[in-house]
Amino acid sequence: MRPMGVLLVVLVCGFFLWGTGGLPERGDPEGPAHTHVAVYYIENALADSETYNMVAAVLADYRVFDTFGEAVVVVAAALSVLLILLRRREDEDVPDHRSVAKGMGPEAGKEPGGGTTPPSGPVLGGDS
Amino acid sequence: MTSRYDSLFLDVVSRAIVPLIQIFALYVVTHGHYDPGGGFQGGVMLAASTILLRISQGEESYRRFSPSAGLYLAGFATLGIALWGFSSMLFGGTFLEHGYAIPGIDGVTLRYWGIFVVEVLIGFLVWGSLVAIYDGLTTGGMDE
Amino acid sequence: MIWEIDLWLMIILIMFAILALEVKDLLAAVGILTGYSFLMALLFAEYGAPDVALTEAALGAALTGIFLLVTLRFVSRKDSDGEEDS
């Protein structure tokens with residue numbers, strides 16, 4: 001099992017290294033990444049939006065919809081963390097099977113088949 | 001909530017260094033037109049300064065910047081970007097096309113200020129979101 | 001773009017990555033991961049991408065470390081990976 005795994009890793013690594021040889025050089029002006037829409041940005045970013053930093057012009061003007069989507073992802077991550085970690089306290093003794101956060105609270109060890117790793121020591125915020 | 005450490009050095013150094021971090025972060029947010037940087041990086045620095053205050057000052061930091069304030073900041077900043085985008089839809093452009101956002105102003109100037117608005121709002125959004133994630137992690141499993 | 005700096009940064013980067021996987025103390029692993037992010041930021045800056053370097057230095061070297069440390073206060077500090085399946 002183990003020699004087969006090592007052989008597989010070596011084979012896949014060799015395959016990718018061999019495939020890397022076909023890529024264009026870094027900073028090659030004839031490369032596909034530098035011939036299509038990037039030329040338009042380089043030539044027109046200053047005239048279009050008076051912005052000297054081309055990266056800011058691309059991120060916040062030409063590709064602003066993408067940036068907006070990333071920002072919404074950040075907010076969704078914060079909301080998800082709060083929804084998972086902060087629960088109401090009144091359902092402490094009622095086993096709630098819809099709760100994703102089961103097994104993380106202080107009552108995790110008491111659940112019949114649920115939590116496997118109760119937190120050792122006092123939970124943060126319990127004292128002070 | 002984390003409690004405060006009884007260390008004079010930690011107290012003094014964190015009080016002295018947080019304003020410097022925040023001024024540099026505001027510089028990074030607002031100077032995205034000319035230098036590397038922008039809303040995301042500056043927002044992360046603002047969040048780092050707030051988390052430093054949370055760690056070193058304890059309860060007082062929660063009174064100044066309450067745990068729900070981060071989420072309010074993030075939500076209202078998202079709403080602001082969306083409203084800015086819809087205003088340019090209203091006046092003839094597509095969503096978030098800065099050149100049409102306010103009628104009567106030159107398109108190039110408007111795109112300059114549109115970049116500024118988006119960067120600043122994204123800075124606030126990232127600040128609020130990361131502080132909210134930190135508060136959720138430190139008060140994990142308990143409410144408030 | 002100086003290839004000697006590239007080479008040494010990449011070698012140290014791979015060493016840090018292997019060390020972060022192999023170390024038993026999770027607190028040390030968090031520290032090594034922070035160092036990895038900082039070296040990654042240096043590498044980005046050396047490649048001529050200061051925006052990405054700034055993001056990596058602020059997020060990877062500061063905030064991810066803080067979040068991992070806060071998470072580490074809830075779980076056991078020792079890595080129990082090797083005892084079960086080896």
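Chain A is built from four helices and zero strands, where helices (DSSP runs of H or I, at least four residues) and strands (runs of E, at least two) are numbered from the N terminus. Read from the N terminus, the elements of chain A follow the order α-α-α-α. This is a predicted model, in which local features need pLDDT of at least 70 and side-chain atom pairs count only at pLDDT 80 or more, while totals for chains, interfaces and linings use all residues. Residues are numbered from 1 along each chain as its sequence is written, and chains are lettered from A and ligands numbered from 1 in the order in which they are written. The model scores ipTM 0.84 and pTM 0.79.

Of the 128 residues in chain A, 16% are buried; a residue is buried if 20 or more other C-beta atoms, placed from the backbone, lie within 10 Å of its own, exposed if 12 or fewer do, and partly exposed in between. Two residues are in contact if their C-beta atoms, placed from the backbone, lie within 7 Å, and among the contacts in chain A between residues at least 6 apart in sequence, 0% join residues at least 24 apart. In helix H3 of chain A (residues 54–62), the buried residues are A:Ala56, A:Ala57, A:Leu59, A:Ala60 and A:Asp61. They pack against helix H2 (38–49) and H4 of chain A, together with helix H5 (107–138) of chain B.

A further link from chain A to chain B runs through H4(A) and H4(B). Two packed helices are described by the angle between their axes and the distance between the axes. Helix H4 (residues 64–85) of chain A and helix H4 (residues 67–90) of chain B pack at about 155°, with axes 11 Å apart; axes are lines fitted to C-alpha atoms, for helices over the stretch in contact, and angles run from 0 to 180 degrees between N-to-C directions. H4(A) and H4(B) are therefore roughly antiparallel to each other, since angles over 145 degrees count as roughly antiparallel, those under 35 as roughly parallel, 65 to 115 as roughly perpendicular and the rest as oblique. The contact joins A:Phe68, A:Ala71, A:Val72, A:Val75, A:Ala78 and A:Leu82 of H4(A) to B:Leu71, B:Ala74, B:Gly75, B:Thr78 and B:Ile81 of H4(B). By class, this contact has nine nonpolar, two polar and no charged residues, with Ala, Val, Leu, Ile, Met, Phe, Trp, Tyr, Cys and Pro counted as nonpolar, Asp, Glu, Lys and Arg as charged, and the others, Gly among them, as polar.

Within chain B, helix H1 (residues 8–30) and helix H2 (residues 39–57) pack at an angle of about 165°, with their axes 8 Å apart. H1(B) and H2(B) are therefore roughly antiparallel to each other, and the contact between them has 13 nonpolar, eight polar and one charged residues.

Chain C has a mean pLDDT of 87, and 92% of its residues reach 70 or more, pLDDT being the predictor's confidence in each residue, from 0 to 100. Among the elements of chain C, helix H2 (residues 26–46) has the highest mean pLDDT (93) and helix H4 (residues 82–85) the lowest (51). Where pLDDT is low, the predicted coordinates should not be read in detail. The contact of chain C with chain B takes 13 residues from chain C and 14 residues from chain B. On the side of chain C that touches chain B, 10 residues are nonpolar, two polar and one charged. C:Phe67 lies in helix H3 (residues 50–72) of chain C, and C:Phe67 counts as partly exposed because it has 17 C-beta neighbours inside 10 Å.
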